[in-house]
Structure formats: structure tokens, C-alpha cells
Amino acid sequence: MKSSLAVIALVAGGARLAAAEALPLKAEGGWELKGASVAFERYDGRDVLSVENGLAYKRDVRLQDGTIDFDVQLTRRRSFVYVMFRMQDDRDYEEIYLRPHKSALPDAIQYAPVYQGASAWQLYHGPGATAAQGFEPGAWTHVRLVLSGQKAALFVGDLEKPALLVTQLARDVASGYLALRAFTPPRTGSGPTARYANVSVQPGVVAFEFAKAQAKAAPDQAAPAAWAKPLPFPGSVRAWTVSRALAVPGDGPTSELPAPATLAPLQTIEARPSGLVELHRYVKLPSPDTRDVAAVARVNVRAASAGLRRLDLGFSDVATVFLNGRPLFKGDAHYSFDNPRQEGLVHYGQAAVFLPLEQGDNDLAVLVSDGFGGWGLMARFPDASGLEVTPGR
């Protein structure tokens, strides 16, 4: 039976939230549990969802704009604690998660879109995607997520000032169901990673003034992240012709371009204003189980005169750059926890490739592969004078 939970905490602007719909954390509460270490229990005087590694789906909730509230208890272990929302299916949705082991660090909170089951966290970082937040292990912490159009605000403990203000959600605005998830890597201890309690939703209730909060935010938080800037980066490549998804050899892209017959069908993909292209969003994977994948992204560069031109390149995970069929550069920027440590974040500073352009048309192709964390590409010419860049053929 549905019940109501009165939420009495005040939020920014002094607005009081209306009665919320509680989502009972019991076997008969309509949740779908996935994972051997996911269970309902009575703990600390509360009905809780206890998760070590796994998920709990609430498919009968439909939420586009509105508010999600819950209490959560965390540990000190290396772990990841999620709220997944606007879920179109189990592989396409938005997510925000906590990294308790990174308490107070700049990426203690992470926003990322998920396409075809792949989280694009490596493509989304900085203001509007990651934020610092301290966590107190073992304590019950209240979390609130407010959604309005393409904006989201996540509150952690403090219900007046958001810990993370997302000014541009990546996916199209759509109603969807929600899920709660927790994950901890192997050999990091045992027992519940997170306990959730007092989960409630309020569809249509947006008790937060996004425009006012953005205006009052510190400059580094008010400004959109690079991937969300409303105007194009100077010299950024605005569109690519991209191949279908390809099988990836063990060490990533090779020193040879695949035969043209293997690349069809082709499609033209427009970049975000920053130049970022989210390949998982547009290039269909061969199967739901595919993890390691590659594609060829191509542009034609028409140069008024011959000469060297610098190309700044961001990519995830491995990229080989070809000019007129000849390989010039290969870089590996995949995420690695250690040996060596690599963050794997996509940005223009990952590589600078000097292209020996011929006068007239030049075929620029990038073979880019991904295995984890988001499949993406971005490129720009710091000096684009005398260049005309169009999708390749």
C-alpha cells in the first residue's frame, strides 16, 4: 500500500516541500533486487535497503521533474554509491554517485550520463559534473536530488546549498524510473557498502530556484564545465563522419586503418560546443555484452597552404591519428587505478599532434577505442586560419 511521508526540512528560498510518496523498503514494496548481496533488513530502528554490490530497481516510479529524498549510511571503504534516475531502460539513464573514499576531494561526487550500459564519467568532470563533499562513515546522511529540465541539484546533509549543481544534464529530458546501487571493488573488505532508508519521491515538485543558485554560486561553480559551454570552442572540430563499431585488438587501435568496406554504415555526428563527441550515445554496440569497441572518426581538412598545424586531441581510451592514410600518433589514456596511475579524463591537453598538411584536401582520421568509463573524442586547431574542416567521406 502506498503511504505518505511528510518532509518538513526547509530548502533554499524557504519553500516547504509538499507531502512525499514514501517507497517502502520491504519485500512487498515493489522493488526488484539484483545481486546476491542486496537485501531488505531492519537496522538501527529503520527499514533499510542494504547493498554490498548490486542494485534495486523501482520500475513503477515515473519521474521527469521533481524530487528524490533518501538517507544513506556509508563506510570508509573504496566504494561507489548511486542514485540512478530518468531510466529509459536498464542501460540508458542518468546517474549521480558518491565516492566515500574520496571524502572532501574534488571528485567526491560524480554526475554522468549512461548510454548502452556505459557510464560516461571520463567525459564529464569539473564544475557541473564533479564536486567536493565530506562524508561521515557510519552516520545517517540525508540526500536530496532535485530535477528540473536539463538541470539537477544534489544536496548532501545541507538542504539549503547543493553539493553539486548540474547546469546541463547530457541526456534528453524524459520521464523514467529509478534505481539505487552500490559497488565496491574486490579485496576492499566485506559487508554492506551502503544502507538506504526513508526513500521518497515527489514528481513535479521542484522546490529549488536553479537560476538564483547559479547566479550566487562561486565563479568556478557557476561557469559551465567545458563539455557544457553554450558557445563553440574556437577551432574545435564541429562534426565528424563516424564508422560503425568495430572489434578491438588486444592492445587497442592498430597502425593501419581498417578497410573502407568494414566501416559502413557511416554517420555524421555533431560535436557539443566544446568539441566533445559522445560515441556511446550515437554508435550502436554490436551486442549488449560488448565492452571493448572502436570506431573511425574522419574529417576533411582543406588547407589554403601546406605546412605544420597543431591539433589538440582529447580521447577515451586509446587513439591513433592518421593523416592521408599515414599514422602519426598513438596514445593510451585509459583509466588505471595503479601501475601506472591514470585518471583517464577526456580533455584537450591529452595530446598535441603536429599535422604536415598538404595544400588542398587532407584526410584526417582518428581510430579511437574504449573499454571503460566513456567513449569519446574531441579535437581543435588552436590556429584554424586558412583551414576548412568538414565531415570526411
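On a 1 Å grid over the protein atoms alone, a pocket is an open set of points with protein on both sides within 12 Å along at least five of seven lines, while a cavity is a set where a 1.4 Å probe fits but cannot get out; lining residues have an atom within 4 Å of a point. Grid points are joined across faces, edges and corners, and a volume is the space filled by probe spheres set on the points.

Keep in mind that this is a predicted model, where local features need pLDDT of at least 70, side-chain atom pairs count only at pLDDT 80 or more, and totals for chains, interfaces and linings use all residues. Residues are numbered from 1 along each chain as its sequence is written, and side-chain values use heavy atoms, with hydrogens and water left out.

The largest pocket has a volume of about 1,200 Å³. It is lined by 48 residues, and those closest to its centre are Ser119, Trp121, Arg181, Arg291 and Phe372. Several elements give two or more residues to this lining, among them β8, β9 and β16. Strands like these (E, at least two residues) and helices (H or I, at least four) are DSSP runs, numbered from the N terminus. By class, the pocket lining has 21 nonpolar, 13 polar and 14 charged residues. Here Ala, Val, Leu, Ile, Met, Phe, Trp, Tyr, Cys and Pro count as nonpolar, Asp, Glu, Lys and Arg as charged, and the others, Gly among them, as polar.

Let's follow β8, which covers residues 80-89. Eight of its ten residues are buried, so the strand is largely enclosed by the rest of the structure. Buried means under 20% relative accessible area, exposed over 50%, and partly exposed in between (1.4 Å probe, protein chains only).

Two strands pair if DSSP finds at least two bridges between them. β8 runs antiparallel to β16 (residues 176-183), with six bridges joining them, and Phe80 stands opposite Phe183 there. β8 also pairs with β9 (residues 92-98) over six bridges, again in the antiparallel sense. In that pairing, Val81 has Leu98 as its bridge partner. A hairpin is formed by β8 and β9, with two residues between them.

Both strands also supply at least two residues each to the lining of the largest cavity, a space of about 50 Å³. Its lining includes Val81, Tyr82, Tyr97 and Leu98, and divides into nine nonpolar, no polar and no charged residues.

**Rings and charges**

Rings of Phe, Tyr and Trp (its six-membered ring) pair if their centres lie within 6.5 Å; planes under 30 degrees apart count as stacked, over 60 as edge-to-face and the rest as tilted. By this rule there are eleven aromatic pairs. In one of them, Phe155 and Phe208 have ring centres 5.3 Å apart and planes at 85 degrees, so the pair is edge-to-face. Phe155 lies in β14 and Phe208 in the loop between β17 and α1, so the pair ties together parts that are 53 residues apart in sequence. Phe155 is buried, at 1% relative accessible area, and Phe208 is buried at 7%.

A charge sits over a ring if NZ of Lys or CZ of Arg is within 6 Å of the ring centre and within 35 degrees of the ring normal. Here are two examples:

| Charged end | Ring | Distance from ring centre |
|---|---|---|
| Arg46 | Trp140 | 4.3 Å |
| Arg99 | Trp121 | 5.7 Å |
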